[in-house]
Amino acid sequence: MTVWAISYVVEDMGMDRTAVLNIKAVGATLTVVGIWFAARYSDKLGRRPVMLVGIAAGALAALPIMWLLQLGALWAFAIALFVANG
């Protein structure tokens with residue numbers, strides 16, 4: 001989502017580069033918050049269950065994220081990025 005998706009939506013889908021990069025900046029901030037929560041749960045539950053949940057969530061979200069990117073809408077890119085970075 002950091003390199004390929006930005007390139008895809010800007011070059012292939014025709015989205016505005018500045019808007020996409022602004023959304024990416026917000027997504028990076030949300031990633032920091034997500035890492036903080038994952039670290040807290042990892043301390044409580046152990047790293048294995050937290051990693052397994054993250055792996056399963058990533059696998060289940062992969063196809064819907066691709067569908068959102070192919071819509072070519074800025075709001076869809078934002079949702080895809082926030083879910084993927086989360």
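This is a predicted model: local features need pLDDT of at least 70, side-chain atom pairs count only at pLDDT 80 or more; totals for chains, interfaces and linings use all residues.
Helix H2 comprises the 29 residues 17–45, which at 1.5 Å a residue should span 42 Å; its end C-alpha atoms lie 40 Å apart, in agreement with that value. The expected span is taken as 1.5 Å times one less than the number of residues in the helix. Residues are numbered from 1 along each chain as its sequence is written, and side-chain values use heavy atoms, with hydrogens and water left out.

The protein contains 4 helices and 0 strands, in the order α-α-α-α from the N terminus. Helices (H or I, at least four residues) and strands (E, at least two) are DSSP runs, numbered from the N terminus. Along its principal axes, the C-alpha trace spans about 45 × 25 × 20 Å. Of the 86 residues, 26% are buried; this term denotes under 20% relative accessible area, with exposed set at over 50% and partly exposed in between (1.4 Å probe, protein chains only). Contacts (heavy atoms within 4.5 Å) were also examined by sequence separation. Among those with a separation of 6 or more, 66% join residues 24 or more positions apart.

In H2 the buried residues are Ala 19, Val 20, Ile 23, Lys 24 and Gly 27, and these pack against helix H1 (4–12) and helix H4 (74–85). Leu 21, also in H2, is partly exposed at a relative accessible area of 42%. The C-alpha atom of Leu 21 is separated by 9.8 Å from that of Val 10, the two residues being 11 apart along the chain. After H2 comes Gly 46, with a positive phi near 100°.

The buried residues of H1 are Ala 5, Ile 6, Tyr 8, Val 9 and Val 10, and their cover includes H2, H3 and H4. H1 is followed by Gly 14, which likewise has a positive phi, near 75°. Val 50 belongs to helix H3. With neighbours within four places in sequence left aside, Val 50 is in contact with Ala 38, Tyr 41 and Ser 42. The C-alpha atoms of Val 50 and Arg 40 are separated by 9.9 Å, the residues being 10 apart along the chain.

Open space was then considered. Rolling a probe the size of a water molecule over the atoms shows where empty space is left. On a 1 Å grid over the protein atoms alone, a pocket is an open set of points where a 1.4 Å probe fits, with protein on both sides within 12 Å along at least five of seven lines, whereas a cavity is a set from which the probe cannot get out; lining residues have an atom within 4 Å of a point. The largest pocket holds about 400 Å³ of space. Its lining consists of 17 residues, of which Gly 54, Ala 57, Ala 84, Asn 85 and Gly 86 are the closest to the centre. H2, helix H3 (47–71) and H4 are the elements that give two or more residues to this lining, and H3 gives the most, with 9 residues. By class, the lining has 11 nonpolar, 6 polar and no charged residues. In this scheme Ala, Val, Leu, Ile, Met, Phe, Trp, Tyr, Cys and Pro count as nonpolar, Asp, Glu, Lys and Arg as charged, and the others, Gly among them, as polar.

Asn 85 is located in helix H4 and is buried, at a relative accessible area of 17%. Beyond its neighbours within four places in sequence, Asn 85 is in contact with Met 1, Lys 24, Gly 27, Ala 28 and Thr 31.

Aromatic rings of Phe, Tyr and Trp (its six-membered ring) pair if their centres lie within 6.5 Å; planes under 30 degrees apart count as stacked, over 60 as edge-to-face and the rest as tilted. By this rule there are 2 aromatic pairs. The rings of Trp 4 and Tyr 8 are stacked, because their centres are 5.0 Å apart and their planes stand at 10°. Trp 4 and Tyr 8 are 4 residues apart in helix H1 and are therefore separated by about one helical turn. Trp 4 is partly exposed at 46% relative accessible area, whereas Tyr 8 counts as buried at 16%. The rings of Trp 36 and Phe 37, with centres 4.9 Å apart and planes at 75°, form an edge-to-face pair. Trp 36 counts as partly exposed at 49% relative accessibility, and Phe 37 is partly exposed at 43%.

Notes:
Grid points are joined across faces, edges and corners, and a volume is the space filled by probe spheres set on the points.
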